[in-house]
Amino acid sequence: MSDALLQVEDLVMSFPGNRSLADWLARRPASPVRAIDGISFELRAGEVLALVGESGCGKTTTGNLLMGLFPPTSGRVVLDGEEVGRLSGRGLRRLRRHVQMVFQDPYESLNPRMRVGDIVAEPLRVHGVASGADLAERVTRALSQAGLTPPEAYLRRYPFELSGGQRQRVVIAAALALEPSLLIADEPVSMLDVSIRADILNLLASLAREHGIAIVMITHDLSTVAAYADRIAVMYLGRIVEYGPTRDVLANPQHPYAQALLSVVPIPDPSLRRRPVI
C-alpha cells in the first residue's frame, strides 16, 4: 500500500535474558529473549488494525515500539515517511503529537489529584500548542469527541467521581486533544464492564471512520474486535502468524493458533464447540 500512514518492516525486539546456573559455571552470557521476532504490517489513515494474541506474545511491546518508547533491535517503524527508531529529543517530542496511546487500566492512567479539564489540557500545555481561549475550546471539543457531553459537566470533576467507562473516555479525550493521526489502544476495554465495552469500541471505530485516525487495537479477545476492525493480525510467540481482512480471518482461519483463539469464543450450542490442538 503506497499510501500507508504506518509501515512496520521486519521488526525485531530482544531483551537481555537471565543467566542460568549453567551459564554462570560456563561463563556464558545470557541468551537474549526475543519479544518481537520479525513482524511486518501496514496501516492507512482511518483503518482499524486489531493486534490479537495471548498475554506475553509481544502485543504491548509492539505498541511501545510504535510509540518510540525504545528503539528496536532491528527492523523499522515508519510513520508518515519518518523512521521512528531513529528519532530522539525534539524528533520524539514532535512524534508524540501524532501518536497517542490509550492504556489498559483507566483507574491507573489518570492522576487522581487532577481535575478532568486539567488532565485533557495537560498534553496541549506540554507541547505548547494552545493557550487561553483556544486551550479551553480544544479541551471541550476533545471531551465531546470522546462522548462526555455536555463537556462543561465534567471539567471540574475528579477521576474518583467518574465510572470506569467515563474514566476511559477521559483517557481517550486526552489522547484526542493533540489531534493525532495514529492511536494505539492497548486492551482499552478489558478493565470495563461488559455493558459498556461496546460503547468504547463504537467510539474508537467512529474516530477512525469520521476523523480519519488510524487505530492499532491491542487485545487478547478475538470476538471483541470482530465488528470493529478492518484487518486482524494474530500474534503468537512474537510473530504474526495470520494476517488479513477481518471477515476472511474469522471465516477461514488458517493457522492452528488463530483457530484456537476462535474456538474459545462463546457458542450457545455446546455440540458445535471444537478445541483445536496447537
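View 1. L25 lies in helix α1 (residues 21-26), helices being DSSP runs of H or I with at least four residues, numbered from the N terminus. In this predicted model, local features need pLDDT of at least 70 and side-chain atom pairs pLDDT 80 or more, while totals for chains, interfaces and linings use all residues. Residues are numbered from 1 along each chain as its sequence is written, and side-chain values use heavy atoms, without hydrogens or water. L25 is exposed, with a relative accessible area of 68% (exposed means over 50%, buried under 20%, partly exposed in between; 1.4 Å probe, protein chains only). Together with L21 and W24, L25 forms a nonpolar patch of about 410 Å² accessible area (Shrake-Rupley method, 1.4 Å probe). Such a patch joins nonpolar side chains within 5 Å, from residues with over 30% relative accessible area and no salt bridge (Lys or Arg side-chain nitrogen within 4 Å of an Asp or Glu carboxyl oxygen).

**View 2. The aromatic pair F15 and F70.** Three aromatic pairs are found in the whole structure (ring centres within 6.5 Å). The ring centres of F15 and F70 lie 5.9 Å apart with planes at 80 degrees, so this pair is edge-to-face (over 60 degrees; under 30 is stacked, the rest tilted). F15 is partly exposed at 31% relative accessible area, and F70 is partly exposed at 25%.

**View 3. Helix α7 and its surroundings.** Helix α7 spans residues 164-176. Of its 13 residues, 12 are buried, so α7 is largely enclosed by the rest of the structure. The buried residues include G164, R167 and L176.

Notes: Rings of Phe, Tyr and Trp (its six-membered ring) pair if their centres lie within 6.5 Å; planes under 30 degrees apart count as stacked, over 60 as edge-to-face and the rest as tilted. Patches are made of residues with over 30% relative accessible area and no salt bridge: like charges are joined within 9 Å, nonpolar side chains (Val, Leu, Ile, Met, Phe, Trp, Tyr) within 5 Å. Helices (H or I, at least four residues) and strands (E, at least two) are DSSP runs, numbered from the N terminus. The expected span of a helix is 1.5 Å times one less than its number of residues.
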